[in-house]
Amino acid sequence: MATGRTHRPATRSRGIPEATVARLPLYLRALTALSERSVPTVSSEELAAAAGVNSAKLRKDFSYLGSYGTRGVGYDVEYLVYQISRELGLTQDWPVVIVGIGNLGAALANYGGFASRGFRVAALIDADPAMAGKPVAGIPVQHTDDLEKIIQDNGVSIGVIATPAGAAQPVCDRLVAAGVTSILNFAPTVLTVPDGVDVRKVDLSIELQILAFHEQRKAGEEHDGAVPPVAPHQESGEQGPDGDVPAVMPA
């Protein structure tokens, strides 16, 4: 069984831009849904709409894969599923360890989408001795004392950190020293890693803050489109703290 320890996806050596790599999972998700509905072909416009990008960007992304579709027919769905899966390294088994089995770590362990996308949860690890041996998602939790042995025994190259912020960097250092070269970080902190180690950070609070920004903007646009309020009438000569009060206060 391939472990992923000695094989890296071909995307870097083929010069595929990182922005394109980040969109490949979106295309794969849309294509998988089409495949499950037995849709044989799809146009760039239809696939772009399903993936949430514009069709020109999609065609440019696919050109890096050497896939240009057929005029008047579109793209072969099954072939694209295979091609993108291959580029992302999903045609082999990737053992993953999750460190930190609190509420979030347990939720990740129970996520059913890993196996169908080429990932196998090889081990669950936690620092709490009371957690050792308890099954989560059918997998017994192991103690962090055994982290290095677990990494070596399972040939793990991908680690998921779901610990509190204070524990994340020490856990990261141990994972890297044991041979992990890719880390998905859910802890609310920035990790420092050596060259050759890839880190993807998932911060739910940041995503919510971005959404709050957009909500505030939308509310501001609605306000700007409304009839501006008129300040109460004031007698001539009445002044505010900064002089004459204008009829409409500036924003």
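Let me begin with three aromatic residues, Tyr27, Phe62 and Tyr75, which together form one aromatic cluster. Please keep in mind throughout that what we are looking at is a predicted model.

If we search the whole structure for aromatic pairs, we find 4 of them. In the pair made by Phe62 and Tyr75, the ring centres are 5.1 Å apart and the planes stand at 85°, so this pair is edge-to-face, given that an angle over 60 degrees counts as such. Phe62 belongs to helix α3, which runs over residues 55-64, while Tyr75 belongs to strand β2, residues 75-76, so the pair ties together parts that are 13 residues apart in sequence. Are these two residues buried or exposed? Phe62 has a relative accessibility of 0% and therefore counts as buried, and Tyr75, with a relative accessible area of 4%, is buried as well.

Another aromatic pair is that of Tyr79 and Tyr82, which is tilted, with 6.5 Å from centre to centre and 45° between the planes. Both of these tyrosines lie in helix α4, 3 residues apart, which is about one turn of the helix. Tyr79 counts as partly exposed, at 43% relative accessibility, and Tyr82 is likewise partly exposed, with a relative accessible area of 43%.

Let me turn now to the largest pocket, which has a volume of about 1,900 Å³. Its lining is made up of 41 residues, and those that lie nearest its centre are Pro25, Leu88, Leu90, Phe119 and Arg200. By residue type, the lining divides into 23 nonpolar, 8 polar and 10 charged residues. Which element gives the most to this lining? That is α1, with 10 residues, and α1 itself spans residues 18-36. Other elements that each supply at least two residues of the lining include α4 (77-87), β3 (94-99), β8 (182-185) and β9 (198-201).

Strand β8 deserves a moment of its own, and I would point you to Ile183, which lies in that strand. At 3% relative accessibility, Ile183 counts as buried, because buried means under 20%. Leaving aside residues up to four places away in sequence, Ile183 touches a set of residues that includes Gly159, Ile161, Cys172, Val176 and Leu191, and also Val197, Asp198, Val199 and Arg200.

Finally, let us consider helix α7, residues 147-154, whose buried residues are Leu147, Ile150 and Ile151. Why do we place these three on the same side of α7? They cover an arc of only 100° around the axis, and that puts them on the same side of the helix. On the other side of α7 we find Lys149 and Asp153, which are exposed. The buried residues of α7 are covered by elements that include β3, β4 (119-126), β6 (139-143) and α8 (165-178). Just after α7 comes Gly155, which takes a positive phi of about 60°.

How values were computed: Residues numbered from 1 in each chain as written. Predicted model: local features only at pLDDT ≥ 70, side-chain atom pairs only at ≥ 80, totals over all residues. Heavy atoms only, no water. 1 Å grid on protein atoms, 1.4 Å probe; cavity = no way out; pocket = protein on both sides within 12 Å on 5 of 7 lines; lining within 4 Å. Points joined across faces, edges and corners; volume = space filled by probe spheres on them. Helix = DSSP H or I, 4+ residues; strand = E, 2+ residues; numbered from the N terminus. Nonpolar A, V, L, I, M, F, W, Y, C, P; charged D, E, K, R; others polar. Buried < 20%, exposed > 50% of the residue type's maximum accessible area, 1.4 Å probe, protein only. Arc of directions from axis to C-beta. Contact = heavy atoms within 4.5 Å. Phe/Tyr/Trp six-rings, centres within 6.5 Å; stacked < 30°, edge-to-face > 60°.
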